[in-house]
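User: I'd like to learn how to read a few features of a protein model. Could we start with what burial means?

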2 protein chains.
Amino acid sequence: MAVLPPNVTADSFASAIREYEAAVGAEWVFTSDADLAAYRDPYSIFRDTERESLASAAVAPQSVEQVQAVVRIANRYRTPLFPISTGRNFAYGGASANLSGSVIVDLKRMNRVLRVDADRNFALVEPGVSYFDLHRYIQERGLKVWIDCADVGWGGPMGNALDRGMGYTLPFFREHANAVCGVEVVLANGEVMRTGMGALPAADSWQEYKHGFGPDPSGLFFQGNFGIVTKMGFRLMPEPPHYRSGAIRLPKRLDLIPAIKLVNYLSDSGMLGEVFYESPLRALLGNSGFSAAANRRGGADPAEMDRYAADNNLDSWQVELQFYGPRATCLANWEYAKSRFESEVPGASFLEGESLDIPLTQEQLMNPRPWFRNGLWHREVSMGIPSLSAWSLVDARSAAAPDGQVVAHAGFFPIIPRSGEWVFRAQQVFGDAIADMGLPPFNAALSTPLVWAMFAYQMVFPLPDDNEIVHRALLRLVEVGAENGFGDYRSPPFHQDHVSDMYSFGDNALRRFHETIKDAVDPNGILAPGRGGVWPSVYRQFRHDWSRDA
Amino acid sequence: MAVLPPNVTADSFASAIREYEAAVGAEWVFTSDADLAAYRDPYSIFRDTERESLASAAVAPQSVEQVQAVVRIANRYRTPLFPISTGRNFAYGGASANLSGSVIVDLKRMNRVLRVDADRNFALVEPGVSYFDLHRYIQERGLKVWIDCADVGWGGPMGNALDRGMGYTLPFFREHANAVCGVEVVLANGEVMRTGMGALPAADSWQEYKHGFGPDPSGLFFQGNFGIVTKMGFRLMPEPPHYRSGAIRLPKRLDLIPAIKLVNYLSDSGMLGEVFYESPLRALLGNSGFSAAANRRGGADPAEMDRYAADNNLDSWQVELQFYGPRATCLANWEYAKSRFESEVPGASFLEGESLDIPLTQEQLMNPRPWFRNGLWHREVSMGIPSLSAWSLVDARSAAAPDGQVVAHAGFFPIIPRSGEWVFRAQQVFGDAIADMGLPPFNAALSTPLVWAMFAYQMVFPLPDDNEIVHRALLRLVEVGAENGFGDYRSPPFHQDHVSDMYSFGDNALRRFHETIKDAVDPNGILAPGRGGVWPSVYRQFRHDWSRDA
């Protein structure tokens, strides 16, 4: 085998493998290059370089008891483990570990939907359950509950929530970590622990009251390495009877400021599903004068942008609203939204969207109105239906790359405060940073917030296809973002140390607190060393010093 | 001084007091019996007995830096600390510590409202801010945001949330720990740490995205002892334009089962504020035959209860719904609720409530409709207005007690799964337990769930006024509750070890995990030893063995 865990001899590793085989069955321990290829990150910036993270082996336990056995063996042989659920977390590292040489704990065989209760609106699942699995389970039984899906349905609710993924329905459900209710973990010492009401053995309320009694450590397991999560409960959204959409168009650039205040009001009051912001001015991007205006250093000039809008009879912004609920409620909320925009944003105009009873017919499902942002993908996930359509965006990008080149994918989604002023500031900061690096401009002034999180915005920034450039650009964007108050919410393993460096309040007090806990509960450092930027003392020398890349 | 911390000599304690005085000012260190009386729990079951928890001193820092200084002194002199915010957490111990002899850290002087943003709907407060303080701040500035208040307005949002208190508006805001967004803590080593986006120094999104990057330890500080919280952010509810209420009456006992399913649907879809369940059959409690039926061992017989209802032309249940939002939305949601009940619960009838534009006039505020449960108190807190009215319930109970007797108050609010079957089961389990103890029956079959938590129910059980009986009854109810799956969500310090014992999954794996962390991050065990059932090793012998009380 080419790769071994740090400080483990080939002989010792061979003994560990024999023990893993005894614990989970020889056919569920993988060591060949061919088998381990499946655990490489196909979109790593470092793919095929000496810095690529490679697995030393993979083991696929089938039960909690087998996970416990694996953890105990890892402690004896000091083989670091990296647990994955479906392992399809592409653009965030896929199945690859922070520490090269880790043993991947592939939980795909633990794929039971343990319970869905459509009267009390929750689910309890194992790690390997995909969105498709859970959706099929619900559909086969005719249950009237929705799951909030991530972009790509081959991922699963547990893995996505543990990485704090986000979705597309009502705000509470959309921030997936919020909707988690009850966690079972195998700790580094091999014990099984349950949080919330799961700690009360006879309780049937594990998926209803998440806090339980006393302190709640659940948050330590998200983007963390304090245990291997083996069961997770989720709150589910009741299937609404009706869906309505509508769009608001705003003539002037600075109209975004009152518009965001109004959307905050409507969303925090529980009236809205996900909101899509768009700029109709994108139609002018073929005009070089306009492109210069949209990429101006120091940020766009509102008056200049407004002149282009007026001269071309275009609005500056479009805000698409989605409503779920009883038919009359959806209509009343839309009418209320229009009345507020009408009185508070002069010149606002309105586009009526769709008004559809749920469940949609197949024809309704497959034919979103033409102006629905990104088409079918959003239609499906907005209806609680997992989809693979989003993957076509990545496929298309890879297909367009030069012959044989592997195109890196790495997410950079900073958190933006929820105001128009902060959105403009983010456009300027990241637009200038891209320009400073000599990269192709991306029309920063037209970039719009993503309304995924319950109470915050995010933004996405396109990068070129060259892996080395992407690597350096990401480093710079993370830093310039942090300097200006925009922090990445999630990162692939190979950038986690760098992102973690930015969350430095109190001379890195938060990370130090985590690492103190890590050394206490996982003294051999065997669980996902480095995940979330948290390194156990035995592997702390592997924390990457990013100044070496600068 | 009568009480010293364990294992601290009078000389050493006197030195510690001098250091505390140097750190916060001599006038803010309290050691006299008269001064320390204010920190006794006036409603302790053990008041005036040798088991009462007494403070050795109290210190009142004015700033984060002074809190850090206090923590460092405590480490040097091994004086355990017990932080309080407003200290008015009556029925849950007030200002009294788990460990007698602790130094109370009274944070009342840190009472600044640091920020309220009514465009982005959040607040940031210090520990000593009361609900009244925050409400006044918002009213003085004419801001259109509501706070979700606990029962009694002299408490404060931070202390209540840290004890996982609950309130009265929309579900997300009602479970106060959910609405927390961003925490600053002074750790046991004196360092200051911020969670979520607060860890990114330049971020303005601390109160908008609570998870930040990497693991999130925030849950450790609720009902916990891993730090002294010095700042806390809260999501606020936007002021709705309208309020509507209505009640549904259900003829038969088993109608509660479909009714709860429908309420779950409406509530989880975001249509409802808090729901009040009541039984009109209470009107029959003067009838001894009916009382026997309502207190029958093994649970009430539905047919017998239905005969009483039919013979007296009474409904079995009343479900009061509250709606917030645009006027047309409130009406549409109420009409939808009625249509669902009409088609799914035969014989359901409806009472129209109020339809009021917000803000209410003073006259509307002070005159809730007569059938509004518990009158003015609920009217105020349902409108985001702090109130002292609830305190009158306790006052009345004390006034009715024999001359000079101090009446204990101790909350027992077990979590009940959200179904009619489980509500009936809880009625039976606790009704039988009360009967087994020979205590006065409380008409178990008419007790109704409290809809405070976002996705779970709670129930309340009246107890007699004799402290010794209350003590033994609580012990038994906690145990019989746990045996049947109903866990207490919160407890006064003197019962926390016992409640914590019930959360025993995996041979107390959760508590062991917490105590491993506790010893690592607070090796001298100076922060609130015993809180939430978590004892540091240096004081672990003080964990109460409740079998001694059986």
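Analyst: A residue is called buried under 20% relative accessible area, exposed over 50% and partly exposed in between, using a 1.4 Å probe and protein chains only. Here A:C330 is buried at 0% relative accessibility, and B:C330 is buried with a relative accessible area of 0%. Keep in mind that this is a predicted model, where local features need pLDDT of at least 70, side-chain atom pairs count only at pLDDT 80 or more, and totals for chains, interfaces and linings use all residues. Residues are numbered from 1 along each chain as its sequence is written, chains are lettered from A and ligands numbered from 1 in the order written, and side-chain values use heavy atoms, leaving out hydrogens and water.

User: Which salt bridge does B:R512 form?

Analyst: The rule asks for a side-chain nitrogen of Lys or Arg within 4 Å of a carboxyl oxygen of Asp or Glu. B:R512 pairs with A:E191, their closest N and O atoms being 3.0 Å apart. Across the interface of chain A and chain B, the rule finds six salt bridges.
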